[in-house]
Amino acid sequence: MKKTALDDNAAIYQADTQTRRQKWEQMDAAQKIQYFCNYYLMKTLAAAALCGVVIFLAYTIFFRPRERYALRVAVVDEVLDRKAREALERELTEYMGLDEADGQILIDDSFYMSEDGLSKLEVYLSAQAIDVIIAGEDVFRQFAGYGFYQDLEEILPLELRARCSADFAEAAGYLELETETDGFVDRETGQGEALPYGVRLGEESRWHTKVGAQTKQAVFGIAQGTKNKERACQFLEFIL
């Protein structure tokens, strides 16, 4: 009786597998190394690099003894002058009346969208380790769509809200759906109500004059999940 197409394919596949195994067994050490380099080295290095990033971030966030932070600011796609950044951190510490027990203020400009900035930020946000995000307006809108920010009209004190309301940056947020959607299309991202999730920091603001920030359309936002809302508001008040 004639074999089916599946039988033929299975036989061919098995023969091919056996042939590769036989060839591998017949190779000397140098040939095996060359074969591995040709077919598996790049895949292995890429997988190892990805695992390394995940392990490092997990260790940094969850396992390494943490420094205590009174406020942590994520600055996206911006290279700040180190001395000016550290001077601003000191000024903010004095402005907020913080002491050693409160922890330090950190302005972290190591988030780059062209690298692993988004993944890194998501890890920090999930650990509630970021209080403020400053990014260009396009990135701000993208982050708002992911649900990274809080509505400033609900958070800012009345006087501060009135002071910066003219510079509010609205963006569509993340829409929480009660029912599952078909397929793999994320229908929630950027489909929520447009709310004032950010404040535009003009070139005349202290944010630009103090640290020489180059992003002309920088937008301040308070991170979802922050435990330091009051200090985040103080930070905004100081850099306007």
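This is a predicted model: local features need pLDDT of at least 70, side-chain atom pairs count only at pLDDT 80 or more; totals for chains, interfaces and linings use all residues.
Residues are numbered from 1 along each chain as its sequence is written. Local features need pLDDT of at least 70 and side-chain atom pairs count only at pLDDT 80 or more, while totals for chains, interfaces and linings use all residues, and side-chain values use heavy atoms, without hydrogens and water.

View A. The structure holds 1 cavity of 30 Å³ or more; a cavity is a set of points on a 1 Å grid over the protein atoms alone where a 1.4 Å probe fits but cannot get out. Strands are DSSP runs of E with at least two residues, and helices are runs of H or I with at least four, numbered from the N terminus.

**View B. Helix H4 against helix H10.** The axes of H4 (residues 82-96) and H10 (residues 229-239) come within 11 Å and cross at roughly 115°. Axes are lines fitted to C-alpha atoms over the stretch in contact, with angles from 0 to 180 degrees between N-to-C directions. In contact (heavy atoms within 4.5 Å), the residues of H4 include Leu88 and Tyr95, and those of H10 include Phe235 and Phe238.

**View C. An aromatic pair.** Phe111 and Tyr124 are 6.0 Å apart, centre to centre, with 75° between the planes. Rings of Phe, Tyr and Trp (its six-membered ring) pair if their centres lie within 6.5 Å, and planes over 60 degrees apart count as edge-to-face. Phe111 lies in strand S2 (residues 104-111) and Tyr124 in helix H5 (residues 117-126).

Conventions:
On a 1 Å grid over the protein atoms alone, a cavity is a set of points where a 1.4 Å probe fits but cannot get out, and a pocket is an open set with protein on both sides within 12 Å along at least five of seven lines; lining residues have an atom within 4 Å of a point. Grid points are joined across faces, edges and corners, and a volume is the space filled by probe spheres set on the points. Rings of Phe, Tyr and Trp (its six-membered ring) pair if their centres lie within 6.5 Å; planes under 30 degrees apart count as stacked, over 60 as edge-to-face and the rest as tilted.
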